[in-house]
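Hi everyone, thanks for coming. I'd like to walk you through a structure that may be new to you, so please have a look at it with me.

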Number of protein chains: 2
Amino acid sequence: MKRVMLTVAYDGTAYSGFQVQENARTIEGELNRCLSGLLSEDIKVIGASRTDAGVHALCNVAVFDTNVRMPGEKISYALNQRLPEDIRIRRSEEVEADFHPRHCESRKTYEYRIINSQFPLPTKRLYTYFTYNPLDAGRMQTAAAYLVGRHDFKSFCSVASQAETTVRTIYDLQVEQENEEIIIRVTGNGFLYNMVRIIAGTLMEIGKGRREPECVPDIINALDRTAAGPTAPACGLMLTNYEFL
Amino acid sequence: MKRVMLTVAYDGTAYSGFQVQENARTIEGELNRCLSGLLSEDIKVIGASRTDAGVHALCNVAVFDTNVRMPGEKISYALNQRLPEDIRIRRSEEVEADFHPRHCESRKTYEYRIINSQFPLPTKRLYTYFTYNPLDAGRMQTAAAYLVGRHDFKSFCSVASQAETTVRTIYDLQVEQENEEIIIRVTGNGFLYNMVRIIAGTLMEIGKGRREPECVPDIINALDRTAAGPTAPACGLMLTNYEFL
């Protein structure tokens, strides 16, 4: 028996999120189905980040146990033959038998991409959020700086969350502008349910001038979801990096 | 009666190319249908570049004549309400009554994007061509330099073409590498049928080491399609700029 870790990229457009659900297409469901077929075992993967419906990933992580003789690093090639083209295994490798991706300290990076122009770009519509309201990236960056560090992010967590603690650490949070595109890039030790999308929604309100950057400490201190801005739509969000420490 | 010019962006994935066809979904067909509905006239647009099935555009151009009173620059907003989300009008403006986009001197830029890594990236699969064969962008750039200038590009033209002359001028042709992505960017006064895709296919053969960069003058001089490399797949191609001189 060995434990294999997969690094998984996917286009989340056609999926009801990562986590297995009855009667819905999910990334985890496709991985389980294709791995079980490939290895002739009943495989159930353990995912690292349970991304929401419509969210994309360059490098989510999943582990599973198998008795197959095939070396762990070969599984990626065989599995990619079976997976739909919007899911690809970028790497497979054998790991310690007790490695659990959700019980490990990690650093994750998410990007939230916004097209800010008069009209949306058809070729980016599936991977960005579009708004024609002019956004001031400088104001968004000023606001973003207040979120860096160890804070109780209860105000940036959807009420449905069952997390034991809402304290998290953001190591870095940058707002970059590349022509018509604004990219919010955030790295932290973990993120609460909808946390990056609520950060993006709040920064966009500040970028539009509806709130001041200086209101962010008050939002954090409120410990109340209703103090923050709206949850930005899923399609703009992508998990771009995952490191285990 | 006035003539209106549209600047059109589209994701070509779901279309059988620009030009109207019976029983197939095309960009021109959608423009005609939505404009005719909006303006209550029988509108038939004249397109500038008849891009192939699966090819994308940031800025193709189409013109049409109308008696509507609505100012030309307002038509974009109204038309975008009717168009499917993979086609967007970025700009509409009134032009001279005799302006014809295919009878004008112009400069067009196309980009051909290649993902060159072990596995394809799901979120780029619709807008890039994937190859795991390592490509040497430096060799491709060396080869590209031979194509710049005024040449008879008959070797880079699919035999189905009905062009009167196969002489064209390439003003600039660059091969750039950004991490796992190689971008071929070509600007010219016009392109023959499949010309950019044949250039891309030929440069990729050279990038893989199957041919030498120095063979490009021989390919040009052969005036024979079979001398050049294969036609690269449509999905990697995007019309990115269009200027009338």
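Let me begin with one term: when I say contact, I mean heavy atoms within 4.5 Å. And please keep in mind that this is a predicted model.

UniProt, in an unreviewed entry, places the feature "binding site" at Tyr110(A). You'll find Tyr110(A) in strand 5 of chain A, which covers residues 106–115. Is Tyr110(A) buried or exposed? Tyr110(A) counts as buried, because its relative accessibility is 9%, and the cut-off for buried is under 20%. Who surrounds it? Setting aside neighbours within four places in sequence, Tyr110(A) is in contact with residues including Ser49(A), Thr51(A), Ile184(A), Arg185(A), Phe191(A) and Leu239(A).

Now let's move to where the two chains meet. Here 26 residues of chain A are in contact with 26 residues of chain B. Together the chains bury about 2100 Å², with 62% of that on carbon and sulfur atoms.

How many salt bridges does the rule find across the interface of chain A and chain B? It finds six. One of them pairs Arg125(B) with Asp11(A), where the closest N and O atoms are 2.9 Å apart. The rule also finds seven residue pairs in polar contact across this interface, both residues being at pLDDT 80 or more.

On the side of chain A that touches chain B, strand 1, strand 3, helix 2 and strand 4 of chain A each supply at least two residues. Strand 4 of chain A gives the largest share, five residues. By type, that side of chain A has 13 nonpolar, five polar and eight charged residues.

Methods:
Residues numbered from 1 in each chain as written. Chains lettered and ligands numbered in written order. Predicted model: local features only at pLDDT ≥ 70, side-chain atom pairs only at ≥ 80, totals over all residues. Heavy atoms only, no water. Buried area = accessible area lost by both parts, 1.4 Å probe. Salt bridge = Lys/Arg side-chain N within 4 Å of Asp/Glu carboxyl O. Polar contact = N/O pair within 3.5 Å; in protein donor to acceptor, adjacent residues only side chain to side chain. Helix = DSSP H or I, 4+ residues; strand = E, 2+ residues; numbered from the N terminus. Nonpolar A, V, L, I, M, F, W, Y, C, P; charged D, E, K, R; others polar. UniProt positions renumbered as here; feature names shortened; annotations may be inferred. Buried < 20%, exposed > 50% of the residue type's maximum accessible area, 1.4 Å probe, protein only.
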